[in-house]
Amino acid sequence: MKLLILSDANSIHTQKWLSSLVKRGFNLHLFSLFKPSSQNAKLYNDLGIIVHTIDLKHKIRNLRNPNISKILYITSLHKLKNIVKTFSPQIIHAHYASSYGILAYLIHFKPTILSVWGTDIYDFPKRNFINKWILKKVVKSADCICSTSEAMRKIIISDYARNDCYLIPFGVDINKFRPKTIKKNTFTVGTIKTIESHNGIDTIIDAAKILVNDMNLLDIQFLIVGKGELLEKMKEKCRKYNLEKNIKFTGYIPHDKIVSYFQKLSVFIAVSTRESFGVSILEAASCEIPAITSNVGGLPEVNKHLKTGYIIEANNGEMLSEKIIKLYKNDKLRKEMGKKARRMVIEKFDWNQNLEKMITIYKKYNK
């Protein structure tokens, strides 16, 4: 089957989907608004995937937030139409409604599958009524809608009157993300997130201050994996609280090397103020690591309160510290939650099962 995928070439989720689909015999072309890095370009080349791009990265002011410079996406329409004409795909699958979804809508190709990811549904339509109007057009025009989380699927049903929205989560390779016994007398609390305001890194540092400075629990270590615009500010906050010995910042770690960092952890933290789904929580769960997460977006879908971890309110360092202490003092409970977490991933979020669901949808719409 010939598929034209519209998605960011540098997204790990894009890479996972395309790598798996190629291995299942799909003939794929990828259209990306941004040029793949040299490493990612090699990956696609090795897989035999042709990548088309107009490389707009340096022309967009802020890639993460809606802004007027993103109107430049429209300049790719002519090239996209030519790709469709020459490749003649059987299906177009657009990932992310407020960018690639709009482009797919404007070229009027049938059948088009649209996958919503998060901020395209949570943030984009809230900016103004024009964005909301555009998104309604995009969602209505797609032949099929897929959502990565149940929370977003409910929004698609209630706000956009699409009852035929399929739930296709970003699954986890359970054979890759496996539990590993950590050293005795080692208790490491950590997160693997971009260091940005909505990911609650400052709340983790607040909790560390309570545990290390106020309660003198010096054997609790914190591991913060990732890069972002607030990295230096968070490091400065650690210095202010004299937490340099207890909090380690690793910077960016490539996804193909990330498993060992999950396996170092005793507890995973994701106290974001917004989150569409939470793949990192599932990756931790697959390694039998319980989680403490905030009660936002799709997080309650991937972390079950009192079963696979704890759910708390965002921006509450004191509450976070209380839950960390519970798992620190009760090793049996921590391990039981971890085993339940992996069982949940195997039953609901196994990557191969989610891949099969997507392939079934492709076959259904390839008429």
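Visitor: Which strand does S294 lie in?

Guide: S294 belongs to strand β12, which covers residues 291-294. Keep in mind as we go that this is a predicted model.

Visitor: Is S294 buried or exposed?

Guide: The value to read is relative accessibility, and buried means under 20%. S294 comes out at 0%, so it counts as buried.

Visitor: Which residues does S294 touch, leaving aside those up to four places away in sequence?

Guide: There are contacts with A270, V271 and S272, and also with L299, I311, I312 and A314.

Visitor: Let's turn to helices. How should I read a packed pair?

Guide: Two numbers describe two packed helices: the angle between their axes and the distance between those axes. Take helix α1 (residues 12-23) and helix α15 (residues 351-365): the angle is about 70°, and the axes are 11 Å apart. Angles of 65 to 115 degrees count as roughly perpendicular, so α1 is roughly perpendicular to α15.

Visitor: Which residues meet where α1 packs on α15?

Guide: From α1 come K16, W17, S20 and L21. On the α15 side they meet W351, N354, L355, M358, I359 and Y362. Sorted by class, this contact has seven nonpolar residues, two polar and one charged.

Visitor: At what angle do the axes of α3 and α4 cross?

Guide: Helix α3 (residues 77-87) and helix α4 (residues 100-107) cross at roughly 65°, and their axes come within 10 Å. That makes α3 roughly perpendicular to α4. There is a handedness to read as well: α3 passes α4 in a right-handed crossing.

Visitor: Which residues of α3 and α4 meet?

Guide: L77, L80, K81 and V84 in α3 meet L103, L106 and I107 in α4. By class, the contact of α3 with α4 divides into six nonpolar residues, no polar ones and one charged.

Visitor: Now the cysteines. How many disulfides does the count come to?

Guide: The rule asks for a pair of cysteine sulfur atoms within 2.5 Å. By this rule the count is zero.

Visitor: Are C144 and C238 buried or exposed?

Guide: Here we go back to relative accessibility, as with S294. C144 has 0%, so it counts as buried. C238 has 3%, and therefore C238 counts as buried too.

How values were computed:
Residues are numbered from 1 along each chain as its sequence is written. This is a predicted model: local features need pLDDT of at least 70, side-chain atom pairs count only at pLDDT 80 or more; totals for chains, interfaces and linings use all residues. Side-chain values use heavy atoms; hydrogens and water are left out. Axes are lines fitted to C-alpha atoms, for helices over the stretch in contact, and angles run from 0 to 180 degrees between N-to-C directions. Helices (H or I, at least four residues) and strands (E, at least two) are DSSP runs, numbered from the N terminus. Angles under 35 degrees count as roughly parallel, over 145 as roughly antiparallel, 65 to 115 as roughly perpendicular and the rest as oblique. Contact means heavy atoms within 4.5 Å. Ala, Val, Leu, Ile, Met, Phe, Trp, Tyr, Cys and Pro count as nonpolar, Asp, Glu, Lys and Arg as charged, and the others, Gly among them, as polar. Buried means under 20% relative accessible area, exposed over 50%, partly exposed in between (1.4 Å probe, protein chains only). A crossing is left-handed if the near helix is turned anticlockwise from the far one by less than a right angle, and right-handed if clockwise.
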